[in-house]
Amino acid sequence: MPELPEVEALAEWLGSRLEGRIVERVLPVAVSVLKTYDPPPSALEGRTVAAVRRHGKFLDIATDGGPHLVVHLARAGWLRWHEQVPAAPPRPGKGPLALRVRLADGTGFDLTEAGTQKRLAAYCVHAASDVPGIARLGPDPLDPGFTPDVFAGLLRGERRQIKGVLRDQSVVAGIGNAYSDEILHAARMSPFKLAASLTDAETAALYEALGTTLREAVGRARGHAAAELKTEKKSGLRVHGRTGEPCPVCGDTIREVSFSDSSLQYCPTCQTGGKPLADRRLSRLLK
């Protein structure tokens with residue numbers, strides 16, 4: 001799933017291609033993609049793109065004086081840019097194409113989604129805050145107002161495991177499964193540690209790891225074309241998705257805990273005092 005760094009870079013890259021250009025057609029192809037009906041997507045047509053922004057993991061394409069096209073790429077969605085949009089109208093079917101936007105100069109982009117779980121979402125709204133997922137977002141960790149005191153306040157009283165807290169978009173916006181693994185590895189902290197149990201020193205270390213990890217990832221992603229961002233993300237990850245490989249810090253073997261629809265990766269030496277965490281799915285299979 002694209003997370004804050006990839007969506008930040010994608011917003012910058014797409015903004016350089018969309019801003020100042022006129023939307024000619026918006027063509028929803030997959031029935032599942034469009035989550036709103038008023039205003040209709042045709043309300044974007046004839047409008048000039050004013051800005052492309054990021055809200056958490058949401059991409060916001062704002063038109064001048066008109067509605068916004070807001071996109072959440074979910075787990076398997078992505079954006080494909082065309083220097084020349086195909087002339088033939090897209091046909092609804094079983095392919096990955098979900099929505100097409102054509103600009104007046106012939107350029108444009110497709111929103112695509114692989115697999116059978118159709119979670120890619122597009123919203124045509126008067127304001128980005130009309131999207132329920134954006135209205136619920138917590139503070140953005142790249143915002144200058146996201147201070148150590150603000151972060152400490154978010155964790156205070158949280159009885160959940162820190163991995164889940166970091167992924168909760170209503171607590172901190174934009175962090176998902178991959179970067180929560182990376183942040184916790186950088187902070188040398190167990191993903192199962194209760195957020196409320198963190199000492200002041202641990203909270204400070206986690207805050208530093210969070211900011212450094214995300215800023216470095218944005219730096220790596222910035223300037224890459226949309227087609228390159230997924231590969232760039234994978235190349236920069238130190239523990240996530242690297243089960244069985246050596247930890248780049250200590251050399252211990254990176255381990256995994258599996259859940260019903262996801263998994264986390266961590267280094268026992270760096271994060272859990274050398275003790276492997278219980279893999280709950282594997283434990284159930286062995287019973």
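Strands S1 (23–28), S3 (58–63) and S6 (97–103) each supply at least two residues to the lining of the largest cavity. This is a predicted model. It holds two cavities of 30 Å³ or more. The largest pocket has about 830 Å³ of space. Helix H6 (residues 200–221) packs with helix H3 (residues 148–155) and also with H5.

**Largest cavity**
- The space inside is about 60 Å³.
- Its lining includes Val23 and Val26, along with Ile61, Val101 and Leu103.
- Leu18, Leu44, Val49, Thr63, Leu69 and Phe109 also line this cavity.
- The lining has 10 nonpolar residues, one polar and no charged.

**Second largest cavity**
- The volume here is about 40 Å³.
- Glu6, Tyr179, Ala217, Arg220, Ala221, Glu232, Lys233 and Gly236 form the lining.
- H6 and H7 are the elements that give two or more residues to this lining.
- By class, three lining residues are nonpolar, one is polar and four are charged.

**Largest pocket**
- The pocket is lined by 30 residues.
- Met1, Pro2, Glu3, Lys57 and Arg75 lie nearest its centre.
- Strand S8 (121–125), helix H5 (177–186) and helix H7 (229–236) each give two or more residues to the lining.
- H7 gives the most, with four residues.
- The pocket lining divides into 11 nonpolar, nine polar and 10 charged residues.

**H3 against H6**
- The two helices pack at an angle of about 115 degrees, with axes 10 Å apart.
- That angle makes H3 roughly perpendicular to H6.
- Their crossing is right-handed.
- H3 makes the contact through Pro148, Phe151, Ala152 and Leu155.
- H6 makes it through Thr203, Leu206, Tyr207 and Leu210.
- Seven of the contact residues are nonpolar, one is polar and none is charged.

**H5 against H6**
- H5 and H6 pack at about 130 degrees, with axes 8 Å apart.
- The two helices are therefore oblique to each other.
- H5 passes H6 in a right-handed crossing.
- On H5, the contact uses Tyr179, Glu182, Ile183, Leu184 and Ala186.
- On H6, the partners are Leu206, Ala209, Leu210, Thr213, Leu214 and Ala217.
- The residues of this contact divide into nine nonpolar, one polar and one charged.

- Leu206 and Leu210 of H6 take part in the contact with H3 and in the contact with H5.
- Tyr179 and Ala217 belong to the H5–H6 contact and also line the second largest cavity.

How values were computed. Residues are numbered from 1 along each chain as its sequence is written. This is a predicted model: local features need pLDDT of at least 70, side-chain atom pairs count only at pLDDT 80 or more; totals for chains, interfaces and linings use all residues. Side-chain values use heavy atoms; hydrogens and water are left out. Axes are lines fitted to C-alpha atoms, for helices over the stretch in contact, and angles run from 0 to 180 degrees between N-to-C directions. Angles under 35 degrees count as roughly parallel, over 145 as roughly antiparallel, 65 to 115 as roughly perpendicular and the rest as oblique. A crossing is left-handed if the near helix is turned anticlockwise from the far one by less than a right angle, and right-handed if clockwise. Contact means heavy atoms within 4.5 Å. Ala, Val, Leu, Ile, Met, Phe, Trp, Tyr, Cys and Pro count as nonpolar, Asp, Glu, Lys and Arg as charged, and the others, Gly among them, as polar. On a 1 Å grid over the protein atoms alone, a cavity is a set of points where a 1.4 Å probe fits but cannot get out, and a pocket is an open set with protein on both sides within 12 Å along at least five of seven lines; lining residues have an atom within 4 Å of a point. Grid points are joined across faces, edges and corners, and a volume is the space filled by probe spheres set on the points.
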